[in-house]
Amino acid sequence: MRACAPPVTLHGLSLGGEVRVEGGTVVLDHCHFGPSSGAGGRRLANVPSGGAARALSISGGDVVLASPVFEDCLGGAINVSGGKLRLLGGTLRRNHAARGGALIVSGGGEVELINATFEDNSASLSGGAIHV
């Protein structure tokens with residue numbers, strides 16, 4: 001999604017690739033994020049240092065995640081480098097990245113977490129579950 005895009009609401013989807021939000025308002029309700037179906041894991045395009053892509057990357061806009069499930073995401077679950085994220089409930093389980101297996105917050109990103117469960121996430125460098 002890009003800036004000036006109309007509001008988007010997605011319900012009950014199963015997503016196996018990277019989702020990028022660069023602007024606008026996005027609501028993801030009861031969506032499941034997991035590993036991609038490709039043999040090589042998540043796609044590697046546009047990812048610095050050759051690492052795997054996050055399941056959800058937010059660089060702008062307002063994003064609400066209502067009761068999502070992020071599990072087994074190689075490259076990590078969520079990256080917030082700008083914009084705002086509200087995570088309402090949900091589970092982030094068995095995600096792995098170099099930093100912040102479940103969630104990494106950098107730059108001007110804002111995050112609000114309410115009743116979320118972080119379970120068995122790991123990182124090879126720092127912040128097994130969350131890195132800020």
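Q: Is Phe33 buried or exposed in this predicted model?
A: The model is predicted, with side-chain atom pairs counted only at pLDDT 80 or more. Phe33 has a relative accessible area of 0%. Buried means under 20% relative accessible area, so Phe33 is classed as buried.

Q: Which residue forms an aromatic pair with Phe33?
A: A search of the whole structure finds 1 aromatic pair. In this pair the ring centres are 4.2 Å apart, with 5 degrees between the planes, and the arrangement is stacked. The partner of Phe33 is Phe70.

Q: How many residues apart in sequence are the parts that the pair of Phe33 and Phe70 ties together?
A: Phe33 lies in strand E5, residues 32-33, whereas Phe70 lies in strand E8. Phe70 is buried, with a relative accessible area of 0%.

Q: Over how many bridges do strand E8 and strand E11 pair?
A: Strands of a sheet pair through backbone hydrogen bonds, either parallel or antiparallel. Strand E8 covers residues 69-71 and strand E11 covers residues 91-93. They pair in the parallel sense, and the number of bridges is 3.

Q: Which residue in E11 is the bridge partner of Glu71?
A: Glu71 lies in strand E8, and this strand pairs with strand E11 in the parallel sense. The bridge partner of Glu71 in E11 is Arg93.

Q: What is the N to O distance in the salt bridge of Glu71 and Arg93?
A: Side chains of opposite charge can pair when their charged atoms come close. A salt bridge requires a side-chain nitrogen of Lys or Arg within 4 Å of a carboxyl oxygen of Asp or Glu. The side chains of Glu71 and Arg93 meet in such a salt bridge, with an N to O distance of 2.8 Å.

Q: How many residues apart are Glu71 and Arg93?
A: Glu71 and Arg93 meet in a salt bridge. This pair links distant parts of the chain, with Glu71 in strand E8 and Arg93 in strand E11. Glu71 itself is buried, at a relative accessible area of 16%. The separation of the pair is 22 residues.

Q: Where does Arg94 lie, given that the side chains of Asp72 and Arg94 meet in a salt bridge?
A: The side chains of Asp72 and Arg94 meet in a salt bridge at 2.8 Å, N to O. Asp72 lies in the loop between E8 and strand E9 (78-80), so the pair ties together parts that are 22 residues apart in sequence. Asp72 is partly exposed at 33% relative accessible area, and Arg94 is partly exposed at 40%. Arg94 lies in the loop between E11 and strand E12 (96-99).

Q: Which residues are linked in a network of salt bridges?
A: A search of the whole structure finds 6 salt bridges. Among them are the pair of Glu71 and Arg93 and the pair of Asp72 and Arg94. The residues linked in the network are Glu71, Asp72, Arg93, Arg94 and Glu119.

Q: Is Glu18 buried or exposed?
A: Glu18 forms a salt bridge with Arg20, the closest N and O atoms being 3.1 Å apart. Arg20 is partly exposed, with a relative accessible area of 29%. The relative accessible area of Glu18 is 16%, so Glu18 is classed as buried.

Q: How many disulfides does the structure hold?
A: A disulfide is a covalent bond between the sulfur atoms of two cysteines. Cys31 is buried, with a relative accessible area of 1%, and Cys73 is also buried at 1%. The number of disulfides in the structure is 0.

Q: How many strands does the chain have?
A: Buried residues make up 39% of the 132 residues in the chain. The secondary structure comes to 0 helices, and the number of strands is 17.

Technical notes. Residues numbered from 1 in each chain as written. Predicted model: local features only at pLDDT ≥ 70, side-chain atom pairs only at ≥ 80, totals over all residues. Heavy atoms only, no water. Disulfide = S-S within 2.5 Å. Buried < 20%, exposed > 50% of the residue type's maximum accessible area, 1.4 Å probe, protein only. Pairing = 2+ DSSP bridges. Helix = DSSP H or I, 4+ residues; strand = E, 2+ residues; numbered from the N terminus. Phe/Tyr/Trp six-rings, centres within 6.5 Å; stacked < 30°, edge-to-face > 60°.
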